[in-house]
Amino acid sequence: MRVDAMSGTRLLYNLRFRAILYQVIAVGSIVLLGLYLFSNVSQKLAEQNIATGFGYLSREAGFVISQTLIDYKPTDTYGHAILAGIVNTVWVSAWSVVLATVLGLVVGIARLSSNPLLALLAFLYVEALRNVPLLLYLFLWYALIVTSLPAVREAWEILPHVFLSNSGLTVPSLVWTGTHTVVLLALVLGGVLGVFVHRRATAQRISTGKTRMIWPWVALALLAPPMLAILVMQPDLTVSLPEKGRFRLTGGAQLRPEFTALLVGLALSASAGIAEIVRSGILSVRKGQWEAARALGLRDGLTMRLVILPQALRVIIPPLTSSYLSLFKNSSLAIAIGYPDLVMVSNTTMNQTGQAIEGIAIFMLVYLGLSILISLFMNWYNSRVALKER
Amino acid sequence: MTTATDIAEAQLKMPVRREPDIGHRLLHRTLKPLVGTPVNAVITLACLWILWLGAKGAYGWLVTRAVTEGGAQACKVGNGACWPFYEAKLRFMIFGVYPYDEQWRVLIAMILFLGAMGITMVPRFWSRQLLVLWGVTIAATAILIGGGVFGLSYVPTTQWSGLPLSFLLSAVGLAFGFPLGVVLALARSSTLPAIRVIAIIFIEVIRGVPLISILFMASVMLPLFMPSGVTVDKLLRAQIAIIIFAAAYIAEAVRGGLQAIPRGQHEAASAMGLHYWQAMRLVVLPQALKIAIPPLVNISIGFFQDTTLVTIIGLLDFLSTVRTAMTDPNWVGIAVLEGYVFAAFVFLVFSYGMGAYSRFLERRMRLGHD
């Protein structure tokens, strides 16, 4: 008896045993909590007669989505509606990322300008955007577009055939067909070829030490495939021009106010964060690097491209990743101003079917999956620019 | 043979270059970055033009074109700031639907809260007594706002609204999220694989989804997870969502601090005979948390702004009461800009103040270390 008690106490003081004990307790309590919640849920769902499972995804949705990138009509399935929402989310996030990066780069460099007025303006821009909630700006931009712009009948023609009104921006557009997609793919192919040619030429220059003019070859590789595609496929290049009729605009493509407000709001607020990231990245490169590059005889542009940027990027990329991720997640605020993104479509679906758990599970999984994809891509890029040590 | 004296004499005999007088120098120093090169001069002109336009627009809207008298009709005609709107709606925008005659209670609670914040922000007062101060402040605030004791009438949570609600959501969210976040950070850097994996999954899932989805979960899904007959207050549900969300972000900031503490500190603590919790509490965490203070302040600013999202699940936070004031039948369509400008101004003041404080802390810590 006594011996057993002793060994029991000793066991409790054994580090390995304790480690296992703690982990068993942690996992066990989570499993128990999960089971408890699950039993509650099944009981509630049975009481309230709510169906479970993802069967509803193949039923007819029956609601209208005001703007979609892929074809969608109310007779399509819920699954298709949610897909349209995902595409909308990705579409607006992608454009916002591009805009925010460009704006952020410009403002970040402007904040470091030796011209005090320019630096002051950039500072005001950053602080005004960083210290006010994004949701407020979204409401504001949307309200400004809807209330202070003229009605469609009095739409402003800001450029020839570009109309601005309270139902959005109307611009000339191509009528997109399959042949255009082929040309686009050819353009992508050209880009890949161009990069390839440039790499080969650089490798050759490094191995032989001879500099040759390479840009004509790169340009050729870049432009030949799309040119060829245009010649072969003969795509329809007629542009649909918006015309102002008596009551509405006909033709062209329209950027809806919801999309525009969300795009502008997301891009501006993210650009303020990116500007700060760019600024701290450039500041992190020591002055001696500039001086050393000049001493080697590099011009300012080359110094920036070959010496400063590669070092600044190392500092910039990790926080840039998280600001892209938060931009992507913030696109879910679309629901506040009525842009039909994933969250809004899921919300409508949940209201119609009553299946809240499945609806929320789907959109959380999609966000999680896309977030992981973005961070994987950025981590890959980061490992390319990271400091290569032995 | 030249000696030091010779050199000194030679230097004395050298002609002294005449320095331009101080006014001239100052002028040169100010003008050079502005108009030193043609490009710079163009940039300066463009900036001046933008600043001038901005200042003129703001002054015109706020002062010269402002409508100071009359009701909604006068504002509809004019196109400047509508002061009568502020006069009529300011109190509603700040306090929301809290009972009108009891609003002094919220005002006192807010003053107490901001006072406690102010004291907490001064490094000289950082001590254990702050916990007592916050205990008292929280109790007093809760009694003042909730009522039901000491002859104060009971005010249900559905009437808690406006700016106080925004403060409440962010303050309680951070206060409860902080200890949870520290525990999560410790779990994530633990050597026990199961605990580490649980912490990683929790933190990464919460950080990988938007706040709005967690708010939806709390408002739509949480009631389904409760046993039959148990209902959780709507405000409390949103608060739980914010606490969980805050904890995941705080955990990452604290983990950053933990990683900055060299291994030697852990080993030294073990060598002193301290067990894990003692080592963490007495040696590692005090240093790690100090390093994590600036990112934690930045997280706080973010959360103060993020509480506006509760508008979407139907709580009456500050942004929501401002919007309600703007859609009042008497004012609808008239005071769009006025409402948002006021709300933006309030957020700007508090967020900028916190940001300036965070920069002050960073500077102070840098001085402390070198």
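The following legends describe views of a predicted model.

**View 1. Packing of helix α12 against helix α13 in chain A.** Helix α12(A) covers residues 342-353 and helix α13(A) covers residues 356-385. Two packed helices are described by the angle between their axes and the distance between the axes. For α12(A) and α13(A), the axes approach within 9 Å and the crossing angle is roughly 165°. Because angles over 145 degrees count as roughly antiparallel, α12(A) and α13(A) are described as roughly antiparallel to each other. Their crossing is right-handed.

**View 2. Residues at the contact of α12(A) with α13(A).** From α12(A), the contact involves A:Leu342, A:Val343, A:Ser346, A:Thr349 and A:Met350. These meet A:Ala356, A:Gly359, A:Ile362, A:Phe363 and A:Val366 of α13(A). Seven of the residues in this contact are nonpolar and three are polar, while no charged residue takes part.

**View 3. Helices and dimensions of chain B.** Chain B contains 15 helices and zero strands. Its C-alpha trace spans about 105 × 75 × 40 Å along the principal axes. The radius of gyration of chain B is 29 Å, whereas a value near 21 Å would apply to a compact globule of 370 residues.

**View 4. Burial and contacts within chain B.** Of the 370 residues in chain B, 32% are buried. Contacts in chain B between residues at least 6 apart in sequence include 66% that join residues at least 24 apart.

Conventions: Residues are numbered from 1 along each chain as its sequence is written. Chains are lettered from A and ligands numbered from 1 in the order in which they are written. This is a predicted model: local features need pLDDT of at least 70, side-chain atom pairs count only at pLDDT 80 or more; totals for chains, interfaces and linings use all residues. Axes are lines fitted to C-alpha atoms, for helices over the stretch in contact, and angles run from 0 to 180 degrees between N-to-C directions. Helices (H or I, at least four residues) and strands (E, at least two) are DSSP runs, numbered from the N terminus. Angles under 35 degrees count as roughly parallel, over 145 as roughly antiparallel, 65 to 115 as roughly perpendicular and the rest as oblique. A crossing is left-handed if the near helix is turned anticlockwise from the far one by less than a right angle, and right-handed if clockwise. Two residues are in contact if their C-beta atoms, placed from the backbone, lie within 7 Å. Ala, Val, Leu, Ile, Met, Phe, Trp, Tyr, Cys and Pro count as nonpolar, Asp, Glu, Lys and Arg as charged, and the others, Gly among them, as polar. The radius of gyration is taken over C-alpha atoms; the globule rule is 2.2 Å times the number of residues to the power 0.38. A residue is buried if 20 or more other C-beta atoms lie within 10 Å of its own, exposed if 12 or fewer, and partly exposed in between; C-beta atoms are placed from the backbone.
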